Amino acid sequence: MMPGLAAATGVVALLAGAFGLVIGSFLNVVAYRVPAGVSLLRESRCPHCDASIRPWHNVPVLGWVVLRGRCAACAAPIPVRYAIVEAATGVLFALVPLVVPGPGTLPAGAGWLVWAAFWCLAASSVVLALIDLDTRRLPDVIVLPGYLVGALLLGLAALLGAGWEPLLRAGAGMLALYGFYRLLRWLRPDGMGGGDVKVAGLVGLHLGWLGWGPLAVGGLAGFVLGGVAGVTLLALGRATRRSTFPFGPWLLAGAWAGVLAGVPIAQWYGGVSGLF
């Protein structure tokens, strides 16, 4: 990458990270309110004393630190999870310009649209993981629009010069992962939820755009991470073989393993096996 382009990409990554912090704050609200059926437009209030949360207390991460993890009105504890979610979303947003081909590699308009698609995937990934951990659900109201947004942004990117091959590959990736997870659910209805099947298709759409290597790495990584987490919980006595286990977070974590490291891993494996 040329020095000037690298510097510009670094600036975009910093700005994207800052924006991601703000989005992460909103995702905390979405993760709580959507499963509870509460309007997203309602004013934010402390769940303990019902006091309004001041705008400056809502500054991502910093607000939690300044308040020392307690409500300014009643001193009730504010879970550290809120700050972690904000920080994690900021990191994912910052990483997108650094690892996903965009302007400089693709025509400018197409490149920005591709980045936008993966920023949307980042936001969806965080909020879906949170909701699945809390409720064992992956709501259609979040998953299904992700298909529309991803297909629209990537389709426009192809139209503006990114090429039709990655778009066709994205469609194939979507069908491949959706079909594979649908087969697993048919074989073991009690082991795979319908929400996981739908999320798998969304993951396949984005990983397929990046290439066959990221698709294979991301698809496999979800099972590896989920298996490690399950074995760890069993070993620690935190779960039994009959415990319900949310797979969505690990499916999504695997997807981001494919986004962030799918290309180098596929290249390394390709050098050994001759694939990819």
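Is Glu 165 buried or exposed? Glu 165 is exposed, with a relative accessible area of 60%. The close-ups below come from a predicted model.

**View 1. Glu 165 and Arg 169 pair within helix H6.** The two side chains meet in a salt bridge, at 3.8 Å from N to O. Both residues lie in H6, 4 residues apart, which is about one turn of the helix.

**View 2. Asp 134 and Arg 81 join helix H4 to helix H3.** A salt bridge links the side chains of Asp 134 and Arg 81, with an N to O distance of 2.8 Å. Asp 134 belongs to H4 (residues 108–135) and Arg 81 to H3 (residues 81–99), so the pair ties together parts that are 53 residues apart in sequence. Asp 134 is partly exposed, at 43% relative accessible area. Arg 81 is partly exposed as well, at 31%.

**View 3. Lys 198 and Asp 140 meet in a salt bridge.** The N to O distance here is 2.9 Å. Lys 198 sits in helix H7 and Asp 140 in helix H5, so this pair ties together parts that are 58 residues apart in sequence. Lys 198 counts as partly exposed, with 25% relative accessibility. Asp 140 is also partly exposed, with a relative accessible area of 34%. Across the whole structure, a search finds 4 salt bridges.

**View 4. Asp 196 is buried without a salt bridge.** Asp 196 is placed in helix H7, which spans residues 194–210. The nearest side chain of opposite charge belongs to Arg 185, 7.3 Å away. A polar atom of the Asp 196 side chain lies 3.4 Å from the backbone nitrogen of Gly 248. Beyond its neighbours within four places in sequence, Asp 196 is in contact with Asp 132, Leu 138, Tyr 181, Phe 247, Gly 248 and Leu 251.

**View 5. Leucines and a tryptophan make a nonpolar surface patch.** The patch covers about 660 Å². Its residues are Leu 152, Leu 156, Leu 159, Leu 160, Trp 164 and Leu 168. H5 gives the most, with 4 residues. Trp 164 lies in H6 and counts as partly exposed, at 49% relative accessibility.

Technical notes. Residues numbered from 1 in each chain as written. Predicted model: local features only at pLDDT ≥ 70, side-chain atom pairs only at ≥ 80, totals over all residues. Heavy atoms only, no water. Helix = DSSP H or I, 4+ residues; strand = E, 2+ residues; numbered from the N terminus. Buried < 20%, exposed > 50% of the residue type's maximum accessible area, 1.4 Å probe, protein only. Lys, Arg positive; Asp, Glu negative; His and termini not counted. Polar contact = N/O pair within 3.5 Å; in protein donor to acceptor, adjacent residues only side chain to side chain. Contact = heavy atoms within 4.5 Å. Patch = residues over 30% accessible without salt bridge, like charges linked within 9 Å, V, L, I, M, F, W, Y side chains within 5 Å. Areas by Shrake-Rupley, 256 points an atom, 1.4 Å probe, with all protein chains shown as cover.
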